[in-house]
Amino acid sequence: MTTFKNLTLWLKAIAVSTLVSVSGHTTAQETYRNPIINADVPDMSLCRVGEYYYLISTTMHLMPGAPIMRSTDMKNWETISYVFDRIEDGERYDLINNQTVYGQGQWASSIRYHNGRFYVWFTCNGAPGKGFIYTAEKAEGPWKLLSRPRHLHDGSLFFDDDNRVYIFCETGHLVELNEDLSDVKPGGVDMVLFERDTEEQGALLEGSSVFKHNGKYYLCMISMKWGVPNRYRREVCYRADNITGPYEKKVLIETPFEMYGGVGQGCLVDNADGTWSALIFQDRDGIGRTPCLLPCRWIDGWPMLGDAEGKVPNDYSKPYQSMEGITSSDDFDSNGKVFGYAGDKESILKLCWQWNHNPINEFTNEIGDVEKAWSVTERPGYMRLRTARIAENLFIAPNTLTQRMTGPKSNGAIKMDISQMKDGDRAGISGFQSDCGILAVEKDNGTARIVLTKESMRLKRGTRTVEGVEREEVASLGIKTDIVYLRVYADFHEKRDMTWYEYSLDGEEWTRIGGEIPVRFDYTRFFMGTKFAVFNYATKQTGGYVDIDWFHYEADLR
């Protein structure tokens, strides 16, 4: 006999199985698994132009930054360009004198399409505290810097029907820009639209995302109901007939999703067929902040999110979406191929890669010659990483290549020629986080060792300088070969947030080294999901190098 409980579960399964994103809306033909991007893609902003959806997100201290992603169905995304190549706002962007922009840098971008051009707004936290507006004819780039207005936290750029331009920012703050976006408009609108109500006295009421629909203005923000046990992050909406108000409020979604609390902060977009959808992210610890795809139901003029029960739709029989358009393998055999734009510069690196802080491109060696600090042409088919500065640890080492780890499980491996390392050099791979494991070849006194360490960075919150690194050597072994293979695995299932490491001396037989090492998301330090990191840095002398033959990426999508 079918019990009432079983019948309820069966009906819920049917409800979930009828939800899918096709051109960004739900149909009864297909289902999908959330999070739709199972990787660190926080603070999303979204616009649609024709058949394409364009997404921009936060990458903080990584360069190039402000990645532009594209999709035709809101499920399968690919990186097509970066807005800027580097940020020249002081030595901290260059990791000089232990200075960093960990947890700061480029934040909460906004992308818009207006009168045949794309526009991007973002601000950088920390000194000098100014924003950036970039523009491009095509989202694929090249992007050009237009202006540097004042700092406006979590801003959402908005072009009104009368061609006036605004930024919604902070907590219900509206600022008007000059029509040419050159700066804040003198004498223009600069006002707080509403005050927090009694439910909104907690830390979160930010992450602005604004749109206009049927003549009304909608300002969506992340929120957390104050004073209620087991409260969840949620998405709220403020609605008005006039841009300056008065505004009324509605909670769009407030629900737990799996074991990570609620979803909050993101964006809504209209689809070509007149329906609407949303991408709202969820904090999922070690992997970072992951976008979830939600249907939107217009009820009494409010864009209510989630399925018919207000839940995050999910089909656990499905695998997660492939991340191959965002994270991928690389054999570094570019042969002059251009992969896209980083700002106004063509990229000869795949767009999956970002440097940790500004890279050093060239340096002057000890005999006065200028050398490339990195190159994919000096030895065709290899990424050459040459040490250009002395660094005490990986957290302040320049020219570390990174790309996103993906969930629920993934791994990355490198083949590395270490024959030209110098004494004091450290080269290898990491599941890079403010607490993490690092698997490196260490060269000292003419001999090489493979060393696994567990390291934790201490970061001064005000200045963002690295005050020190707690380092524990977990395991090591001496080697006498010039070719080394290193691999890192990550498991982000059910808050495991664990990494482990292997090595090989022939590329065939792999050996586990050490035990599992946790990675921890910490908003006071990196404030970023865990990344694959490939590195070579010097602790004694510059000029040594390693050649990376390939990076192989694999994902388990179940």
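Predicted model: local features only at pLDDT ≥ 70, side-chain atom pairs only at ≥ 80, totals over all residues.
How many cavities of 30 Å³ or more does the structure hold? The structure holds three of them. Residues are numbered from 1 along each chain as its sequence is written, and side-chain values use heavy atoms, with hydrogens and water left out.

**Spaces inside and at the surface**

Let's sort out the words. On a 1 Å grid over the protein atoms alone, a cavity is a set of points where a 1.4 Å probe fits but cannot get out, while a pocket is an open set with protein on both sides within 12 Å along at least five of seven lines; a lining residue has an atom within 4 Å of a point. Grid points are joined across faces, edges and corners, and a volume is the space filled by probe spheres set on the points. For the classes, Ala, Val, Leu, Ile, Met, Phe, Trp, Tyr, Cys and Pro count as nonpolar, Asp, Glu, Lys and Arg as charged, and the others, Gly among them, as polar.

Here are three of these spaces:

| Space | Volume | Lining by class |
|---|---|---|
| Largest pocket | About 630 Å³ | 15 nonpolar, eleven polar, eight charged |
| Second largest pocket | About 510 Å³ | nine nonpolar, six polar, eight charged |
| Largest cavity | About 40 Å³ | five nonpolar, three polar, two charged |

Start with the largest pocket. Its lining takes in 34 residues, and those nearest its centre are Leu46, Cys47, Arg112, Val210 and Phe211. Two or more lining residues come from each of β1 (45-49), β6 (105-114), β10 (156-159), β14 (205-213) and β18 (266-270). Those labels follow DSSP runs numbered from the N terminus: a helix is H or I with at least four residues, a strand is E with at least two. The top contributor to this lining is β6, with seven residues.

On to the second largest pocket. It has 23 lining residues, and Trp107, Glu206, Arg289, Tyr523 and Phe527 sit closest to its centre.

And the largest cavity? Its lining is made of Ile360, Arg386, Thr387, Ala388, Arg389, Pro398, Asn399, Asn536, Tyr537 and Ala538. Strand β38 (residues 531-538) gives the most here, with three residues.

Two strands pair if DSSP finds at least two bridges between them. With that rule, seven strands form an open antiparallel sheet, and their order is β27-β28-β39-β30-β35-β36-β37. At the edges you'll find β27 (374-375) and β37 (511-518), each pairing on one side only. Within the sheet, β30 and strand β35 (residues 483-491) share nine bridges in the antiparallel sense. If you want one to find yourself, Ser410 has Ala490 in β35 as its bridge partner.

Most residues other than glycine have a negative phi, and most peptide bonds are trans.

Take the cis bonds. One runs from Gly141 to Pro142, with omega near 0°, and Pro142 belongs to the loop between β8 (131-136) and β9 (144-147). Another cis bond, also with omega near 0°, goes from Gly407 to Pro408. Look for Pro408 in the loop between β29 (401-404) and β30 (409-417).

Now phi. Glu258 is not a glycine, yet its phi is positive, at about 55°.

Glu258 has 33% relative accessibility, so it counts as partly exposed. Asp300 has 70%, so it counts as exposed.

**Cysteines on their own**

A disulfide is a pair of cysteine sulfur atoms within 2.5 Å. How many disulfides does that rule give? The count is zero. Cys124, for instance, is in no disulfide, as the nearest cysteine sulfur belongs to Cys169, 15 Å away. Cys124 is buried, with a relative accessible area of 2%.

Key. Buried < 20%, exposed > 50% of the residue type's maximum accessible area, 1.4 Å probe, protein only.
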